[in-house]
Each structure stands twice: as C-alpha cells, then as structure tokens.
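User: I am new to this structure and would like to learn how to read it. Please take me through it one feature at a time.

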Amino acid sequence: MDEPLIQAIGLTKRYGSRTVVDRLDLEVQRGEVYGLLGPNGAGKTTTILMLLGLSEPDGGRARVVGLDPTRHALEVKRRVGYLPDDAGFYGDLTGRQNLRYTAALNGLNGARAEGRLDDVLERVGLTDAADRPSGQYSRGMRQRLGIADALVKDPSVLILDEPTIGIDPLGVVEILTLIRHLVTERRIALLLSSHLLDQVQATCDRVGIFYAGRLIDEGSVADLGRRFGGSRSRLAVAFEDDRGGLDRAAVGRILGSIPGVLAVEVANPQDAEQSLVDPLPLGTIGWILELADDAAIPAVRHELLRRVGEADLPLAELRQLVPSLGEIYRRAVEHEAGAAAADQASVA
Amino acid sequence: MSASGGIAAKKIRRVVKPASRPASPATSLIDPVDSQPPRWGWIVVARKELADHLRGARALVLFIALALAAAIPLYFASTRIRDAAPAATGAPAVFLALFTLGSTDFPILRVNAFVGIVAPLLGIAFGFDAVNRERTERTLPRLLAQPIHRDDVINGKFAAGLAMISLALVAMTVLIAGFGLFRLGLVPTSGEIVRIGVWVGITILYVAFWLALGTFLSVVFRRAATAALVGFSLWLIVTIFGGLITSLIGGLVASTSSATTIDAALRAAQIQQLISRLLPSQLYQEASIVVLDPSVTRLSVPLTAGQLDQAQQQIPTLLSLDQSLLLAWPQLVALVGITVVLFAFAYIRFLRQEVRA
C-alpha cells in the first residue's frame with residue numbers, strides 16, 4: 001500500500017495543563033474518506049489545525065502529502081483544501097469574488113482561475129448565486145461556498161471540518177455525493193470531522209471515534225459495529241396489522257420456536273437500545289430476533305419464511321439490524337468512560 | 001523474463017517520476033500542482049485590501065477629512081499671504097507658507113498642524129480592524145490555510161492602508177499647490193517643490209506609525225470596537241493632551257520658573273523638551289516645521305548661556321534642504337524606530353496567536 005497522504009504519529013496538543021489531543025495516531029490513504037467523529041470539544045478541530053500547520057503540536061509529528069506541515073507550510077497548504085468549522089466569507093464581496101481571492105492566493109490568475117471558479121461553483125450548485133454578495137447567503141449556501149473554496153486549488157488532500165452542518169437533508173445528500181465522487185474521481189484523501197454521525201456514516205470508508213482528545217477506536221463502520229454493537233446479530237421482522245387482528249402471542253411463539261433464535265422481543269420505536277436505523281413501516285407490528293452471530297442468519301431467515309408461509313402470516317418486512325454509527329459511538333464512549341471510571345476507582 | 005521486465009518498468013518509472021514532479025522537497029506523495037503559490041503573497045493581500053478600502057465608506061471619510069484639513073487652513077493662509085504679498089515680493093519660500101501659515105487666532109488652523117492631528121486618526125482608522133475583523137468574520141482560518149506566509153497577511157494589510165492614505169495625502173498636497181498656483185499666482189521654486197515632497201514623505205512616515213499602532217491593536221484586541229476605542233484614546237492623549245501632559249510632567253521634574261540662573265533655566269528647559277520629545281506627535285511637528293520652513297535653524301533648547309547668546313545674535317538665514325534634513329534627522333530616525341518596533345510587536349504577536357479564539 002502507498003504511504004498515507006495524511007499521517008499523524010503520537011500527535012499531542014496541550015493548552016496549559018489541559019491535553020486537548022492526546023497521542024493521536026491516524027492515517028488516511030489516497031482515495032479514502034476518513035471520518036473523524038466525536039462530540040464538540042473532543043479535539044477534532046485542533047487536530048485538523050495541526051495537520052494544516054496552523055497550530056504547533058506539543059508532541060508527535062504530522063505528515064501531510066509526505067511533508068511536515070509546519071516546516072513545508074506552503075507546499076502543504078498549496079495541496080490541501082480546507083473547509084473550516086463555520087467558515088466565514090467577506091460579506092461585501094460576491095461568492096465568486098471570494099473564490100477569486102482564494103485562487104489568487106494560490107497563484108491562480110486570469111482565464112485559468114476563471115475557468116476553475118466556474119467549475120467549482122457548478123459542482124456545488126452555486127452558479128446562479130455566484131454574483132450575489134456572500135453576506136446574503138444562507139448558512140447552507142455559505143457551506144457550499146466553503147466547499148467550493150476548498151476545491152479551488154484542486155487539492156490532493158481535502159480536510160472538511162463539519163461539512164454538513166447547516167445544510168438541509170437533501171443538500172447533505174448532495175454534498176456527500178459530491179465529496180464521494182471527488183474522492184473516487186480524483187483519488188484524493190479526504191478527512192472529515194463531524195458530530196452528526198448518521199449523516200456521514202455512508203460516506204466514510206473508515207471512521208475514528210474521537211473522545212476527550214483520544215482516538216478510542218477506528219475502522220470501517222461494519223468493523224466498529226461488530227466491536228461495539230454487541231457480538232450478537234439481530235433480525236427485524238414485521239407483519240401487517242391494519243385492524244389489530246394479529247395474534248401477537250401466537251406470532252411470538254412461532255418466532256421463538258425457530259432454531260437459532262436466542263431471544264424474541266416486540267419492537268418498540270422508542271427504545272434506543274433496539275436502535276432501528278429506519279423505523280418499521282406504518283401499520284405493522286415488529287419483532288426483534290436475537291441470533292448467536294451473523295452465520296446463523298441465512299438458516300434462521302429460511303426457516304422463518306417457511307413457517308410464516310405455513311401459518312399464512314402477512315409478512316411486511318424482514319431485515320438485518322445493523323447498529324447505526326450513532327449507536328456504536330454511544331457504546332464506545334460509554335465503554336471508554338466506564339474504563340476511565342474503573343481506572344479512577346482502582347487508583348483510589 | 002517477466003522479472004527483468006518488471007525491473008525495467010520500475011527503472012523507467014523512476015526516471016520519469018522526478019521530471020513530472022515539482023522541484024520542491026521530493027516525496028512520492030507530492031502531486032504536481034497547476035500553479036505555484038504566489039511569490040509575493042503580501043501583494044495579493046494588499047491588492048484585495050486596497051480594493052476593499054476604495055469600495056468602502058472609509059475612503060470617503062478619509063478624503064473628506066483631508067479635504068477639510070486642506071481647505072480650512074488654506075482659507076486663512078491665502079488671506080494672510082495676499083495681505084503680506086506686496087511686502088513680501090521676492091521674499092523666500094512664500095509658496096511653503098501655504099502649508100505653514102494659517103489663522104493668527106487659532107494656531108491649529110495651519111495645514112501642517114491640522115494634518116498632524118488628522119493623519120494619526122486616519123492611520124488608526126485604517127488599522128484598528130485589520131486582523132480582528134478577519135476573526136469576527138471567521139475568514140482568518142480560511143485565509144491562513146492558503147499558501148502564503150502568515151506575515152504576508154499583516155504586511156499586505158499594512159501596505160494597503162499606507163498606500164490608501166498616501167494617495168489621499170498626495171492628492172491633498174497637489175490640490176493645495178494647485179490652489180496656490182492658480183488662485184494666488186504663487187509659483188514654487190524647485191527647492192520648494194522638493195521640500196513639499198519631503199514633507200509629504202515625513203507625513204506618510206508619521207501615518208505609518210499610527211497605522212502600525214492600529215494594526216497592533218487589531219492583533220491584541222479581539223473586538224474591533226475595543227481596538228478603535230483604545231486607539232482613539234491614545235490619539236487623544238498623544239495629539240491633543242500630549243503637550244499639556246508633558247509640560248506638566250516637565251514642570252514637576254524641572255521647573256523653569258524656580259530656576260535662578262540662566263544655566264539652570266536652560267537645563268530645566270532642556271529636560272522639558274526631552275520629555276516632550278517622547279511623543280511621536282512632537283517629533284513629527286519638529287521635523288515637519290524644519291522641512292517646511294527653511295528659516296528654522298535650530299530645534300533644541302540651547303545647551304549653554306553662550307549658545308543662547310549666539311542664537312539671539314544670529315543673522316536670519318535660510319537653510320538648504322540637506323541642512324534642514326540634517327536638523328530634523330534625529331526626529332526622523334526616532335519616528336522610523338518607534339514605527340518599526342511597534343510593527344514588530346504586532347507581527348510577533350500575530351505569529352504566535354492561535355488561529356482559533
């Protein structure tokens with residue numbers, strides 16, 4: 001595998017006695033989307049500033065495009081597109097003028113710059129609003145302009161701090177699709193930070209869970225799901241129940257008697273523990289089946305369908321429950337906090 | 001066979017690679033870019049800032065303030081020059097009197113004095129929000145993530161502010177000179193033109209000091225309003241109450257009235273002058289009058305009674321420009337010195353600041 005485009009080794013930052021980023025190790029490869037996930041104040045932005053050379057690390061080192069961002073600041077900054085958290089623009093200038101300034105700061109001038117501006121404005125869907133003062137932009141439009149701004153320099157590495165904040169749900173999908181497209185098309189490395197976990201879940205190849213300055217764990221969403229989502233696999237099954245005529249006890253008995261099913265409970269949308277990614281269809285009653293592991297799923301599914309057919313039950317849905325990133329995150333943090341508390345207790 | 005082919009391919013790739021990469025520190029990860037970072041980042045910043053200044057309301061205020069600074073004293077100066085003109089035919093440096101004469105009742109209404117008061121305000125006005133505005137508009141992280149040095153930001157902003165004020169000052173001076181030429185029929189000698197040019201240069205230097213102060217405040221104070229208030233107070237203290245304060249302190253340290261001998265009185269006066277010269281406004285006024293008035297042959301209080309005697313017996317003469325500059329040299333060097341020190345402070349402070357608040 002190639003050397004990573006973004007690399008942090010033991011990266012540490014302290015403000016006074018407070019350690020904001022604690023011995024962070026991180027790698028992002030070419031063509032990869034890495035999601036740095038964590039609550040506000042976890043140290044995500046500080047990490048990003050260190051990767052950009054805008055903040056001096058107190059320990060460890062960072063490498064971006066193979067260079068030290070503090071020593072080769074200009075080479076790194078020329079190749080890294082950065083969207084800051086809550087990016088601001090010069091309100092008196094139009095969106096296009098703002099981007100033109102960024103282009104000039106990157107040594108792009110004249111017709112080449114204008115062509116690039118048209119291109120990035122088109123990509124983020126701001127062509128029509130480009131010549132309005134950016135002070136009149138909505139939050140979502142500013143965010144799009146910010147992404148355009150990061151793309152002006154045609155970067156090898158893209159660092160987006162909270163890219164989906166303030167954008168409406170449709171816009172989020174659009175932006176994430178655009179980002180994904182850029183990564184595959186241009187083979188850039190993308191690091192994004194977010195606390196809106198479920199939004200970015202589908203976009204990230206790998207995620208790192210960041211909590212109180214430390215990377216608790218990292219891996220693909222599926223990996224983390226296995227690690228923190230409990231070892232057991234779960235299936236959701238739902239039956240139509242328009243008139244309330246379904247005999248719940250009987251259905252429960254049928255489901256419970258399938259070999260391989262360890263436990264059965266009625267689905268309850270209010271129960272966060274069940275963590276249904278998408279709610280079950282309206283007018284249905286659902287059950288959650290717990291299985292020993294993923295390997296048990298095909299047999300159980302097959303047997304379930306056979307028995308449902310025999311009993312002539314109105315099946316509405318049958319699917320595997322994958323823990324959402326939000327769920328994984330919650331468990332990981334709980335796990336970490338629990339470990340910290342245990343440490344404290346043992347010290348005391 | 002296939003193995004050797006692989007090696008050959010590798011070799012070719014190795015040969016090709018460096019050629020397609022930029023000459024900067026070579027690692028395999030550096031992608032070629034289609035443009036190099038600007039060689040002079042501060043020029044890019046300055047150009048944008050200058051465009052902002054020209055568009056903004058501040059430029060309007062600047063031109064109005066300097067127009068007033070020119071028009072009001074000029075009104076008084078022209079009447080006095082007209083009155084004195086018949087007697088002064090052939091008198092030296094009449095043209096320069098446009099800048100140094102004014103109302104007899106209000107000594108402040110002379111071009112050089114008025115500019116001495118207005119120019120610092122302009123310097124502060126163009127500097128007080130240079131950096132903190134980027135913070136409040138949240139554009140600073142984006143700006144600093146571009147491939148320019150951090151000092152390019154502060155240098156560019158300083159250059160743009162100075163260029164703007166210089167432009168207005170030159171315009172004002174040309175207007176005054178034009179008024180003298182066409183309305184009063186005064187024709188400047190080449191020496192006078194050079195002196196006016198030098199005076200404009202000194203004034204720009206003085207504005208640079210205040211601009212550096214404004215920039216420093218914009219780095220130190222996160223809120224533009226605070227920086228503006230502090231800058232305004234400093235201006236008030238130095239320019240308006242400065243003379244009063246320094247003479248009070250001087251009086252406390254060394255009172256001339258209680259001195260019994262001439263030597264003691266001179267010493268007291270020297271100390272008072274020393275204290276007053278701690279103010280940049282005093283430095284500017286002294287340098288300014290020497291350059292604009294060739295008949296000024298000394299600035300400092302005589303050191304001894306003998307020198308005082310000599311000074312009183314001296315036949316009035318006019319200094320050549322180089323002699324005048326020699327006289328004002330310490331003042332000029334001091335002005336440059338404090339400007340550089342102040343700018344350096346702003347600079348260091350900015351370089352060490354965290355990007356985030």
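Analyst: Start with domains, whose bounds come from an automatic or database domain assignment. Chain A is divided into domain 1 (6-227) and domain 2 (231-322). Before going on, note that this is a predicted model, in which local features need pLDDT of at least 70, side-chain atom pairs count only at pLDDT 80 or more, and totals for chains, interfaces and linings use all residues. Residues are numbered from 1 along each chain as its sequence is written, while chains are lettered from A and ligands numbered from 1 in the order in which they are written.

User: How far apart do the C-alpha centres of domain 1 and domain 2 of chain A lie?

Analyst: The distance between those two centres in chain A is 41 Å. Along the principal axes, the C-alpha atoms of chain A fill a box of roughly 75 × 60 × 35 Å.

User: How many helices and strands does chain A have?

Analyst: Helices (H or I, at least four residues) and strands (E, at least two) are DSSP runs, numbered from the N terminus. Chain A has 11 helices and 13 strands.

User: How do I read a sheet, and what is the strand order of the open sheet of 3 strands in chain A?

Analyst: Strands of a sheet pair through backbone hydrogen bonds, either parallel or antiparallel. Here two strands count as paired if DSSP finds at least two bridges between them. The 3 strands of this open sheet in chain A follow the order 2-1-4, with antiparallel pairing. Strand 2 and strand 4 (59-64) of chain A are at the edges with a single partner strand each, so one side of each has no neighbour in the sheet. From one strand to the next the twist averages 25°; axes are lines fitted to C-alpha atoms, for helices over the stretch in contact, and angles run from 0 to 180 degrees between N-to-C directions.

Strand 1 (residues 6-15) and strand 4 of chain A are joined by 5 bridges, and A:Gln7 has A:Arg63 in strand 4 as its bridge partner. Helix 1 of chain A packs on this sheet, touching strand 1, strand 2 and strand 4, and its direction makes about 120° with that of strand 1. Touching means contact: the C-beta atoms of two residues, placed from the backbone, lie within 7 Å.

User: What is the order of the open sheet of 6 strands in chain A?

Analyst: That order is 5-6-7-3-8-9 in chain A, and the pairing is mixed. Strand 5 (80-83) and strand 9 (214-219) of chain A stand at the edges; each has a single partner strand, so one side of each is left without a neighbour in the sheet. The twist averages 15° from one strand to the next.

Strand 5 and strand 6 of chain A run parallel and are joined by 4 bridges; A:Leu83 stands opposite A:Leu160 in strand 6. Helix 5 (residues 139-151) of chain A lies across strand 5 and strand 6, at about 165° to strand 5. Helix 8 (residues 221-228) of chain A lies across strand 8 (206-211) and strand 9, at about 110° to strand 9.

User: What should I look for in phi?

Analyst: Most residues other than glycine have a negative phi, and most peptide bonds are trans. A:Arg23, in strand 2 (residues 18-28) of chain A, has a positive phi near 40°. A:Glu162 is not a glycine either, and its phi is positive at about 50°. A:Glu162 sits in the loop between strand 6 (157-161) and helix 6 (169-186) of chain A.

User: Is A:Glu162 buried or exposed?

Analyst: A residue is buried if 20 or more other C-beta atoms lie within 10 Å of its own, exposed if 12 or fewer, and partly exposed in between, with C-beta atoms placed from the backbone. A:Glu162 is buried because 21 other C-beta atoms lie within 10 Å. A:Arg23 has 15 other C-beta atoms within 10 Å, so A:Arg23 is partly exposed. Of the 348 residues in chain A, 43% are buried.

User: Which residues does A:Arg78 touch?

Analyst: Leaving out residues up to four places away in sequence, A:Arg78 touches A:Asn106, A:Lys153, B:Val33, B:Pro37 and B:Pro147. A:Arg78 is in helix 2 of chain A and counts as buried, with 27 C-beta neighbours inside 10 Å.

User: How many residues does each chain bring to the contact between chain A and chain B?

Analyst: Chain A brings 35 residues and chain B brings 30 residues. Helix 2 of chain A gives the most to the side of chain A that touches chain B, with 5 residues.
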